[in-house]
Amino acid sequence: MSHRRLLTSLTGLAAAAALAVPAYAAAPSTTATPTTIAKYTGSPQDEAATKAFYEAVMKSARAKQAQQAKAGRKATAVTVTYAVDAPTFASQIASSTSIWNSSVSNVKLVEGSNYDFYYTEGNDSRGSYASTDGHGGGYIFLDYAQNQQYDSLRVTAHETGHVLGLPDHYSGPCSELMSGGGPGPSCTNPNPDATERAKVNTLWSNGFTKP
């Protein structure tokens, strides 16, 4: 059953004051150039949006930690719950979750009803992006056209990286997940590199580290 009806009110609220993390770079060539990189370099506003999305998810995660502590349970990793309102990309979302859960130890992604963020899909000229209302609600939008041009699993894992606190780095090589579309459509790597994995583990250390 789709979550669309359930999420309509949340989406409406977010639309009024949402902060969108920069869209997955849609570089027109297969190799990054100074021109294509400059086109997708994040602005200070983009960086603020990434931070806001991370902190919104962390706000919900902290509340869950407090509930666990009250019940006498101590989690070894912070659990971040998501919902799927993007049936077209269900397989990619599941694979992205598996990649991230096997790559980092201080945070775990779990699908569930009491969610911290959700995935949705559709058409948007900006491409795929992550967005938050800045108050604990957020979503990842997966664009149909872009996911036909670029490796869909890489796009999904990249946007999920924003939930975990990672900013875009379009000038990076294909081996960097957060380089997004900077390296061009030929790049299909869906895995975070060692630096990105370490950064996420540091950010989620004890569930309270600020980005």
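Predicted model: local features only at pLDDT ≥ 70, side-chain atom pairs only at ≥ 80, totals over all residues.
**View 1. The salt bridge between aspartate 124 and arginine 126.** Aspartate 124 and arginine 126 form a salt bridge in which the closest N and O atoms lie 2.9 Å apart. In general, side chains of opposite charge can pair when their charged atoms come close. Aspartate 124 has a relative accessible area of 19% and is buried, because the limit for that class is under 20%. Arginine 126, at 47% relative accessibility, counts as partly exposed. The charged end of arginine 126 also sits over the ring of tyrosine 129, at 4.4 Å from the ring centre.

**View 2. The aromatic cluster that includes tyrosine 129.** Tyr115, Tyr118, Tyr129, Tyr139 and Phe141 are linked by ring pairs into a cluster. Eight aromatic pairs are found in a search of the whole structure. A pair of aromatic rings is described by the distance of the centres and the angle of the planes. Two of these pairs are described in the views that follow.

**View 3. The stacked pair of phenylalanine 89 and tyrosine 144.** The rings of phenylalanine 89 and tyrosine 144 are stacked, at 6.2 Å centre to centre and with 20 degrees between the planes. This pair links distant parts of the chain, 55 residues apart: phenylalanine 89 belongs to the loop between S2 and H4, and tyrosine 144 to helix H5 (residues 144-149). Phenylalanine 89 is buried, at 4% relative accessibility, whereas tyrosine 144 is partly exposed, with a relative accessible area of 29%.

**View 4. The stacked pair of tyrosine 118 and tyrosine 139.** The ring centres of tyrosine 118 and tyrosine 139 are 5.6 Å apart and their planes stand at 25 degrees, so the pair is stacked. Tyrosine 118 is part of strand S4 and tyrosine 139 of strand S6, so the pair ties together parts that are 21 residues apart in sequence. Both partners are buried: tyrosine 118 at 1% relative accessibility and tyrosine 139 at 11%.

**View 5. The largest nonpolar core and tryptophan 204.** The largest nonpolar core holds 32 residues, and those with the most contacts inside it are Trp100, Phe117 and Trp204. Elements giving two or more residues to this core include helix H3 (44-70), strand S2 (78-85), helix H4 (90-103), strand S4 (117-122) and helix H7 (194-203). Helix H3 gives the most, with five residues. In soluble globular proteins, nonpolar side chains tend to be buried together. With neighbours within four places in sequence left aside, tryptophan 204 is in contact with Tyr54, Val57, Met58, Ala61, Val78, Val80, Asn106, Val107, Val163 and Leu164.

**View 6. Proline 190 in the loop between H6 and H7.** Proline 190 is placed in the loop between H6 and H7. Proline 190 is buried, with a relative accessible area of 15%. Arginine 154 is 36 residues from proline 190 along the chain, and 4.1 Å separates their C-alpha atoms. Arginine 154 is also one of the contacts of proline 190 when neighbours within four places in sequence are left aside; the others are Ile99, Leu153, Ala157 and Leu177.

Methods: Residues numbered from 1 in each chain as written. Heavy atoms only, no water. Core = buried A, V, L, I, M, F, W, Y, C linked by side-chain atoms within 4.5 Å. Buried < 20%, exposed > 50% of the residue type's maximum accessible area, 1.4 Å probe, protein only. Helix = DSSP H or I, 4+ residues; strand = E, 2+ residues; numbered from the N terminus. Contact = heavy atoms within 4.5 Å. Phe/Tyr/Trp six-rings, centres within 6.5 Å; stacked < 30°, edge-to-face > 60°. Lys NZ or Arg CZ within 6 Å of the ring centre and 35° of its normal. Salt bridge = Lys/Arg side-chain N within 4 Å of Asp/Glu carboxyl O.
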